[in-house]
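Subject: Structure for you to look at

Hello,

Here is the structure I said I would pass on. My notes follow below it.

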Amino acid sequence: ELHLSVKDGCINNVGIYTDALDTDLPAVIKGALLGSRFHSGEMSERLKKCSSSQQICDVADYILSLNL
């Protein structure tokens, strides 16, 4: 689960709940999304720039598919 708080179009808080074995995953996602505009393209791009892991790429692709 990904919970985002948005103010004035920018993400100012990120909550992540996961059962992934990679315990660093939530921190990586949070770091990439904080301060981002609430726009699928920008969020996806920021995620892909911060890590090349397949899990991060999957999350980035999913967010892009939402067309936010």
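Ser 5 sits opposite Asn 13 of strand S2. The strands S1 (residues 2-7) and S2 (residues 10-16) run antiparallel and are joined by six bridges; two strands count as paired if DSSP finds at least two bridges between them. Helices (H or I, at least four residues) and strands (E, at least two) are DSSP runs, numbered from the N terminus.

This is a predicted model, in which local features need pLDDT of at least 70 and side-chain atom pairs count only at pLDDT 80 or more, while totals for chains, interfaces and linings use all residues. Residues are numbered from 1 along each chain as its sequence is written, and side-chain values use heavy atoms, with hydrogens and water left out.

Two residues lie between the strands of the S1 and S2 hairpin, where Asp 8 has a positive phi near 55 degrees. Asp 8 is not a glycine. Most residues other than glycine have a negative phi. Asp 8 is exposed, at 73% relative accessible area (buried is under 20%, exposed over 50%, partly exposed in between; 1.4 Å probe, protein chains only).

Asn 67, in the segment after helix H3 (54-65), also has a positive phi, near 50 degrees. Its relative accessibility is 66%, so Asn 67 counts as exposed.

In helix H2 (residues 40-50), the buried residues are Ser 40, Met 43, Ser 44 and Leu 47. They line one face of H2 because, seen down its axis, they fall within an arc of 95 degrees, taken from the directions from the helix axis to the C-beta atoms. Their cover includes S1, S2, helix H1 (25-33) and H3, with contact meaning heavy atoms within 4.5 Å.

Regards
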